[in-house]
Amino acid sequence: MKEVIYLSLVSGSVSFTITETKLFMRFREWMKRKNNPLGELLSCGYCFCHWTAFALVAVYRPRLMESSWSLLDYFLTGLIIAWLGVFQWIALCWMMAKTGR
């Protein structure tokens, strides 16, 4: 369970950094011009958090449920990591809006 919490924090942080910060603004704009669907993905924190969570699950292979259907377990674990990460992304967006940045 700890690993899932840690991975959700990573997923939310990476998602926020890439989709919301000025550091990646030029990259997001460039990607929208080159490949609009990928550019839109890089601009949507909710969507990007899911893809980040699935990538982290592919690398670290955490499992919350133990069954013979391991792919389903990984998929559901990825959804849980993304769901928790999105809450962090929302909190970070809210704090940025409050500070006017």
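Two residues are taken to be in contact when heavy atoms of theirs lie within 4.5 Å. In this predicted model, among the contacts between residues at least 6 apart in sequence, 61% join residues at least 24 apart.

The protein holds 5 helices and 0 strands, and from the N terminus on its elements follow the order α-α-α-α-α. Some values for the protein as a whole are set out below.

| Property of the protein | Value |
|---|---|
| Span of the C-alpha trace along its principal axes | about 45 × 30 × 15 Å |
| Share of the 101 residues that count as buried | 32% |

Helix H4, which covers residues 45-60, packs with helix H5, which covers residues 70-99, at an angle of about 135 degrees, and their axes are 8 Å apart. Because angles over 145 degrees would count as roughly antiparallel and those from 65 to 115 as roughly perpendicular, H4 and H5 are oblique to each other. The crossing of H4 and H5 is right-handed.

On the H4 side, the contact is made by Gly45, Tyr46, Cys49, His50, Ala53, Phe54 and Val57, while H5 contributes Tyr74, Phe75, Thr77, Gly78, Leu79, Ile81, Ala82, Gly85, Val86 and Trp89. Sorted by class, the residues in the contact of H4 with H5 comprise 12 nonpolar and 5 polar ones, with no charged residues.

How values were computed. Residues numbered from 1 in each chain as written. Predicted model: local features only at pLDDT ≥ 70, side-chain atom pairs only at ≥ 80, totals over all residues. Heavy atoms only, no water. Axes fitted to C-alpha atoms, helices over the stretch in contact; angles between N-to-C directions. Helix = DSSP H or I, 4+ residues; strand = E, 2+ residues; numbered from the N terminus. Parallel < 35°, antiparallel > 145°, perpendicular 65-115°, else oblique. Left-handed = near helix turned anticlockwise from the far one by under 90°. Nonpolar A, V, L, I, M, F, W, Y, C, P; charged D, E, K, R; others polar. Buried < 20%, exposed > 50% of the residue type's maximum accessible area, 1.4 Å probe, protein only.
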